Amino acid sequence: MVDRSALNAADAGTWTLGDRVVNRLGFGSMRLTADPDPQTAIGLLRRAIELGVNHIDTAAYYFDAHYATELIRAALSPYPDELVITTKVGFFRDDAGDWHEANSPAALREQVEDNLRRLGRDRLDVVNLRIIRRPGRDSIAESFGALAELRAEGLIGELGISNVRVDHLDEAQAIAPVVCVQNNYAIDNHGDDELLRVCGSRGVAYVPFFAIAGSARESGATSEHSAAVAAVAARHGLSPHQVRLAWTLHQGKNVLAIPGTSDLTHLEQNVAVAGVRLTDADLAELA
């Protein structure tokens, strides 16, 4: 059972994004948008803040019945001073829900302004450039440079990049400071081990998405768990999903978790992981 009186995202420790300190256990808003009743999402977001979450990941292109950014505004504006909202640009969804890449300077400015409007803010705390990762050295200089100009204008506080390689990080850091990298990474998806190490050595936050979903991706939490995950879960009295999340937080002090959910019980179970400490033997078994 989850002890609701003891839940606090701060138990996972903190990291600094630029000049803003965030708890390493945050919240991803992608799964908030489908419920026709916005009060469900609004209540969940407010509960997340009560539980110590002060880092929320979103994007203006997260929408189904509602826009995630507008739900965040309805739930939390006027925003707590300590809250950091990270958003993404580089794509948009048309009225049919189809995805389109949009990374020209003009398109990026339009997306930044859309995020500002929907969130009701004068400046975005952190903006990630989300790209399609293509073979070879596919430059992000023009797109990232355009965001750096918007940062210089005061529309953006800090910059990050998403779905990238080490060479993209090198290229971006030559243009402007990068506070975070957001990529697909999980206990059963170690493709980014080298990038995670590089981020740690450079003081850049590494923010995995699909840490709980795994191969299920946008469909939600995976139901496929290894024998090792099941064994560690049983030993600690945790669910397999909590073990996946705990493993994620143990991958480095610069790792920020952003598990998403639309269910209050799952939110509390995720925040409870902030206080979980896996042993060296656990981590070796899960490797």
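**Ground rules.** I am working with a predicted model, where local features need pLDDT of at least 70, side-chain atom pairs count only at pLDDT 80 or more, and totals for chains, interfaces and linings use all residues. Residues are numbered from 1 along each chain as its sequence is written, and side-chain values use heavy atoms, with hydrogens and water left out.

**The sheet.** I looked up the strand order first. Seven strands form an open sheet, β3-β4-β5-β8-β9-β10-β11, with parallel pairing. At the edges I found β3 (27–28) and β11 (205–209), each with a single partner strand, so one side of each has no neighbour in the sheet. For naming, helices (H or I, at least four residues) and strands (E, at least two) are DSSP runs numbered from the N terminus. Two strands pair if DSSP finds at least two bridges between them.

**Strand β5.** Is β5 (residues 84–89) buried or exposed? Six of its six residues are buried, so the strand is largely enclosed by the rest of the structure. Buried here means under 20% relative accessible area (1.4 Å probe, protein chains only). I checked both faces: Val 84, Thr 86 and Lys 88 are buried on one side, and Ile 85, Thr 87 and Val 89 on the other. In a regular strand, side chains alternate between the two faces of the sheet.

**Neighbours of β5.** β4 (residues 55–57) pairs with β5 in the parallel sense over three bridges, and Ile 56 sits opposite Ile 85. With β8 (residues 124–130), β5 makes four bridges, also in the parallel sense; there Lys 88 faces Asn 128.

**Helix α2.** I then turned to α2 (residues 68–76). Its buried residues are Ala 68, Thr 69, Leu 71, Ile 72, Ala 75 and Leu 76. They cover an arc of only 160 degrees around the axis, which puts them on the same side of α2; the arc is that of the directions from the helix axis to the C-beta atoms. These residues pack against α1 (38–50), β4, β5 and α3, where contact means heavy atoms within 4.5 Å.

**α2 meets α3.** What do the axes of α2 and α3 (residues 105–119) do? They come within 8 Å and cross at roughly 35 degrees. Axes are lines fitted to C-alpha atoms, for helices over the stretch in contact, and angles run from 0 to 180 degrees between N-to-C directions. I listed Thr 69, Glu 70, Ile 72 and Arg 73 of α2 against Asn 115, Arg 117, Arg 118 and Leu 119 of α3.

Key. Buried < 20%, exposed > 50% of the residue type's maximum accessible area, 1.4 Å probe, protein only.
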